[in-house]
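Biologist: I would like to learn how to read a structure feature by feature. Could you walk me through one?

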Amino acid sequence: MKLKHTVNFIKKHTVAIFVKVEKEEPKVCTFNEEYIKLFNSLVKDKYYTPSTPFAFGFASNTRVIFITYREMKNYMYETWKNAGASLIKIMKDLHIDDIEVDMAELFAEIASEESYIQFCLGMILSSYSFDNYLGDKRLKEKTVIKNILLVSGDKKDTENAIAKANQIANCIFWARDMVNEPSNVINSLTFVDRAKKQAESRKITTTVLTEKELKAANMNGLLGVNAGSKNPPRLFIAQYKKARAKKHILLVGKGITFDTGGMSLKPADSMLGMKDDMAGAAAVCGALFLISDMNLDANVTVLCPLTDNKTGSAAINPGDVLKMCNGVTVEVVNTDAEGRLILADALAYGIKKFNPDFAIDIATLTGACSIALGRNATGLMSNDEVLTKALVDAGNDTYERVWELPMFDEYKEQIRSDIADIKNTGGRLAGTITAAQFLSCFTEGAKWAHLDIACTSISESDNKYLSKGATGVGVYLLAKTVEKLVDVQKV
């Protein structure tokens with residue numbers, strides 16, 4: 001899809017006009033008396049009169065689409081993102097591949113550069129489709145949007161908004177693609193290859209720890225989970241550095257490229273879709289690419305522990321004990337609670353080696369988070385108020401909203417083991433929180449936050465600017481959080 005600016009209408013075949021209403025209901029008509037009636041009933045402000053579009057020389061067969069949008073209280077940026085998404089939806093519904101958008105009405109409402117960016121972002125995100133494995137017949141059934149022209153006299157503002165929206169969307173799309181790919185395509189090795197290729201096109205340096213180096217670092221959580229797999233484990237490290245940066249932020253993403261549950265085998269229905277268990281790793285990489293593209297004044301290090309969780313003859317068993325990177329011993333009471341084992345090693349390793357000012361991990365960690373929060377919020381647990389506020393504010397700005405859950409000390413009692421320091425699950429009660437308490441045992445001395453995206457990494461249907469499948473959640477949220485943490489240092 002090409003999104004461009006133009007000063008004047010060119011083709012005048014199909015034109016979109018945006019109208020703010022209380023109830024969203026798109027209207028379609030040709031440029032005739034019906035248009036005048038609709039205009040008078042919908043458009044009620046001083047910036048736009050029924051005679052205005054006549055100056056554009058529309059023909060009687062020009063199709064005019066009134067895109068109605070509703071203001072979202074307390075989330076103005078989301079208002080504009082949804083408005084952009086509404087345009088794409090009606091284009092798909094009506095099989096329109098080329099349209100010109102009259103921006104006059106929108107400019108009367110859009111109050112900031114950021115709002116304009118969000119409007120463009122809504123259109124671009126809504127155009128996403130994962131078609132890598134569709135045949136020609138299926139592809140022909142899909143509406144492919146070719147061109148959208150934004151008609152306005154504000155060339156600089158429009159082109160700037162388009163460029164920044166594309167910048168954000170491209171990084172989200174990379175993460176969506178990675179999660180949507182099947183596990184016979186994305187494994188620990190191919191994930192590294194794709195991430196390195198993106199890093200090489202930016203000022204991002206990468207390092208990869210192989211099995212030999214992981215053993216030397218005593219990363220037995222990652223090695224233990226990998227024991228039943230034919231694919232080798234990897235720790236992918238990527239770093240973005242700025243000479244003027246005063247803060248160093250560590251981002252750790254869970255990279256389970258497929259989760260069978262290991263010896264604590266999942267039921268067949270629960271196993272389907274487990275290719276998305278590396279959404280955290282995709283999110284931190286996508287966020288780092290966006291941070292680099294935004295040229296933020298921060299030093300950011302990304303760690304992605306990568307493996308699948310399989311049932312090979314060497315796989316760890318329930319009841320086994322692992323000695324982790326920081327010396328903490330863990331009784332593995334459930335091999336399907338594997339994500340926290342690889343995250344724990346990565347967190348302990350990253351905090352000790354890089355001494356970050358803030359550390360954030362993100363993972364599709366617990367089904368309990370989906371039960372608690374549904375699809376509309378990511379679970380947040382943290383030990384630092386400044387970091388929590390940055391994440392909450394960033395979540396509200398990006399509409400990747402987070403909700404803080406308590407980290408009372410009493411929850412730690414649930415992960416006490418009879419034969420080791422801790423065990424890797426605390427039972428069904430407060431499962432999301434006890435998982436975070438487990439991770440807290442590997443974050444000593446760090447200002448840290450944990451994000452559980454088990455509930456938000458996947459959309460079960462096409463919904464506004466989310467398509468069915470991977471959402472790319474975390475990419476924009478983490479980049480915006482880093483941007484806010486950079487501002488904190490200046491206070």
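This is a predicted model: local features need pLDDT of at least 70, side-chain atom pairs count only at pLDDT 80 or more; totals for chains, interfaces and linings use all residues.

Biologist: Which residues touch the most other members of the largest nonpolar core?

Modeller: That core has 95 residues, and the ones touching the most other members are Leu87, Phe119, Cys120, Ile148, Leu150 and Phe191. Helix H6 (residues 155–180) supplies the largest share of this core, 12 residues. Another core, of 44 residues, lies apart from it and has Ile256, Ile351, Met381 and Ile422 among its members.

Biologist: Now helix packing. At what angle do helix H7 and helix H11 pack?

Modeller: The general idea first: an α-helix has 3.6 residues a turn, so residues three or four places apart point the same way. Here, H7 (residues 188–200) and H11 (residues 279–294) pack at an angle of about 10°, and their axes are 10 Å apart. Angles under 35 degrees count as roughly parallel, so H7 is roughly parallel to H11. On the H7 side the contact is made by Phe191, Ala195, Gln198 and Ala199, and on the H11 side by Ala281, Ala282, Cys285 and Phe289. The residues of this contact divide into seven nonpolar, one polar and no charged.

Biologist: Is helix H15 largely enclosed or exposed?

Modeller: H15 (residues 431–440) is largely enclosed by the rest of the structure, because 10 of its 10 residues are buried. Among them are Ile433, Phe438 and Leu439, along with Thr432, Gln437 and Ser440.

Biologist: And strands: how many bridges pair strand S2 with S4, and in which sense?

Modeller: The general idea is that in a regular strand the side chains alternate between the two faces of the sheet. In this case S2 (residues 14–20) and S4 pair in the parallel sense over seven bridges. Lysine 20, for example, has tyrosine 69 in S4 as its bridge partner. Six of the seven residues of S4 (residues 63–69) are buried, so this strand is largely enclosed by the rest of the structure.

Technical notes:
Residues are numbered from 1 along each chain as its sequence is written. Side-chain values use heavy atoms; hydrogens and water are left out. Buried means under 20% relative accessible area, exposed over 50%, partly exposed in between (1.4 Å probe, protein chains only). Helices (H or I, at least four residues) and strands (E, at least two) are DSSP runs, numbered from the N terminus. Two strands pair if DSSP finds at least two bridges between them. Axes are lines fitted to C-alpha atoms, for helices over the stretch in contact, and angles run from 0 to 180 degrees between N-to-C directions. Angles under 35 degrees count as roughly parallel, over 145 as roughly antiparallel, 65 to 115 as roughly perpendicular and the rest as oblique. Contact means heavy atoms within 4.5 Å. Ala, Val, Leu, Ile, Met, Phe, Trp, Tyr, Cys and Pro count as nonpolar, Asp, Glu, Lys and Arg as charged, and the others, Gly among them, as polar. A nonpolar core is a set of buried Ala, Val, Leu, Ile, Met, Phe, Trp, Tyr and Cys residues joined through side-chain atoms within 4.5 Å.
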